[in-house]
Amino acid sequence: MGPDRSSGHLALEVSDLTVTYGPTAAVQGVSFSINEGEIFGLLGPNGAGKTSTLSAIEGLVKPGSGAIKVDGIDARARPGDARARIGVQLQSTSFQKELTIRELVRLYSGLYGASRSKSAADEHLAAVHLDEEAGKRFGQLSGGQQKRLALLIATVHDPPLVLLDEPTAGLDPQSRRQLWERIEHMRRSGRSVLLTTHSMEEAQSVCDRVAIIDHGKIVSLDTPAGLIAKHRDDPQVKKVARGEVTLEDVFIGLTGSELRD
Amino acid sequence: MTDSAERPITTVPGIGLVLTSLLDADLRVQLRNGRALVVSLFLPMVLMYTLGAGKRGALFPASTRLAIAVGVGITSVAILGYTATVARDRETGVFQRLRVTPAPTWAIMSSRLAVQLLSILVMTVVVFIVGGVLLNLTLQPGAYALTMVVAVLGGAEFLSIGQAIVGLLKSADTVNAIGRLLYIPLFALGIVANVSILGSTVETIARWSPGGALISMLAGAMAPATWSSDHWWSVLVSLAYSLVFVAVGIRWFQWETR
């Protein structure tokens, strides 16, 4: 059965999602959708429910309730079909330390049903300028190279939806810009991206729309400029603003300024 | 990635391709894992030699020495090697990365178990070669084939125990500690069951322990003329242990450490 296109080419639909860990409700009734070719950001403080939402979409945790459709496929009823349509870059990616990066690309190509030939793997690596590192192990790469490899492996099967959990965390400005370019390249190719981030700069530069999530609930959702316009006059936002209201002011105004662990 | 806006509709890969990819990767990991090679080959060699040295040679005939060496090798692969690798990969997030692919979880685990069984077969062949060439420990031709079959059965028994340990315990450190604690009693009971130096109660307990059943099967397989109903009972006991422990290890296996 092919993907259901009747919903207007939505790459992802999440409806009333809840995720609980024992007595703790990490995600409480979250709903949003992502259009084809859209970059959607989930912005929230630590422990807000960003990674739990992503984990539910990826099938790593079982939602308590709610619906998830990936490219029209019910991810809870057909998890394998849904996973085949998703590319995932986890927050802290770990690969088998005994394998070279060429072998890792061949492994994951096979697991996603793409060609696992050596030449195909080398082509993929060349596309992200890692061809000269093909014989190295993942641990021997720099932080930026590791992120590039993780993103390559996430997209090795050309998925319609890519999930990126804090993709630029810990990167230097050059590597971050390079990664943004790759993400924008995906959008130009018609792929959709859901990314979580702590970086307001990233949300403003890359995302078409942003949802601010806190205590497991979406507190506001709009374009970055729309969020600023919508909340510019909120007393909490005005209180934390230093001059012209920024996305960071909106974020802190909506989620509070206390430290989160 | 392609530039085309016309993207392909991605489908679930065939299980053949998934298993080929996993087996290829797991075999490479196993071959490059120095610790696994040492625990699976070094200890059997040492025991095979030391049990035949001096007066001990009379207590441990050739078939028993080979049986103990193979038994220790199986215990090492399953209780020390397999559990440590699975616990490490779970803790570092390797399993998490594999689980977000369309590969079924049973395929991820089956590939690893298949590679461990292959390691056990390779270890058995190496023990035979070293035992035959360097220590003159030889068997009848049919005994070699029968021992290989029994090594797979014993391997399944001990890997299922390893699966239960790593399934029930989350922390890699705890898995390693428990593996080391259980390792000695598991194979020591196998040795005790085959020498009449302790009381009959201890011997009976040892005889039907996982290690006792394994060593009994191996000793029988290495001397097919002596194969009796006792050895068939060992096969049944070994199968029962395999079923119980693998059920526990799969039912309660925790894919993440959180």
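How many aromatic pairs are there over all chains? The count comes to nine, where rings of Phe, Tyr and Trp (its six-membered ring) pair if their centres lie within 6.5 Å, and planes under 30 degrees apart count as stacked, over 60 as edge-to-face and the rest as tilted. The model is predicted, so local features need pLDDT of at least 70 and side-chain atom pairs count only at pLDDT 80 or more, while totals for chains, interfaces and linings use all residues. Residues are numbered from 1 along each chain as its sequence is written, chains are lettered from A and ligands numbered from 1 in the order in which they are written, and side-chain values use heavy atoms, with hydrogens and water left out.

One of the pairs joins A:Phe32 and A:Phe40, whose ring centres are 5.0 Å apart with planes at 10°, so the pair is stacked. Both A:Phe32 and A:Phe40 are buried (under 20% relative accessible area, with exposed over 50% and partly exposed in between; 1.4 Å probe, protein chains only). In another pair, the rings of A:Phe95 and A:Tyr108 have centres 5.6 Å apart and planes at 70°, so this pair is edge-to-face. The pair links distant parts of the chain, 13 residues apart: A:Phe95 lies in the loop between strand 6 (86–89) and helix 3 of chain A, and A:Tyr108 lies in helix 3 of chain A. Helices (H or I, at least four residues) and strands (E, at least two) are DSSP runs, numbered from the N terminus. A:Phe95 and A:Tyr108 are buried, and together with A:Phe138 they form one aromatic cluster.

Chain B has 11 helices and zero strands. Its radius of gyration, taken over C-alpha atoms, is 20 Å, close to the 18 Å that the globule rule (2.2 Å times the number of residues to the power 0.38) gives for 258 residues, so chain B is as compact as a globular protein of that length. Of these 258 residues, 49% count as buried.

Helix 1 of chain B (residues 15–32) has 18 residues and reaches 26 Å from its first C-alpha to its last, close to the 26 Å expected at 1.5 Å a residue (1.5 Å times one less than the number of residues). Buried residues in helix 1 of chain B include B:Val18, B:Leu22, B:Ala25 and B:Val29. Seen down the axis of helix 1 of chain B, the buried residues fall within an arc of 160° (from the directions from the helix axis to the C-beta atoms), so they line one face of the helix.
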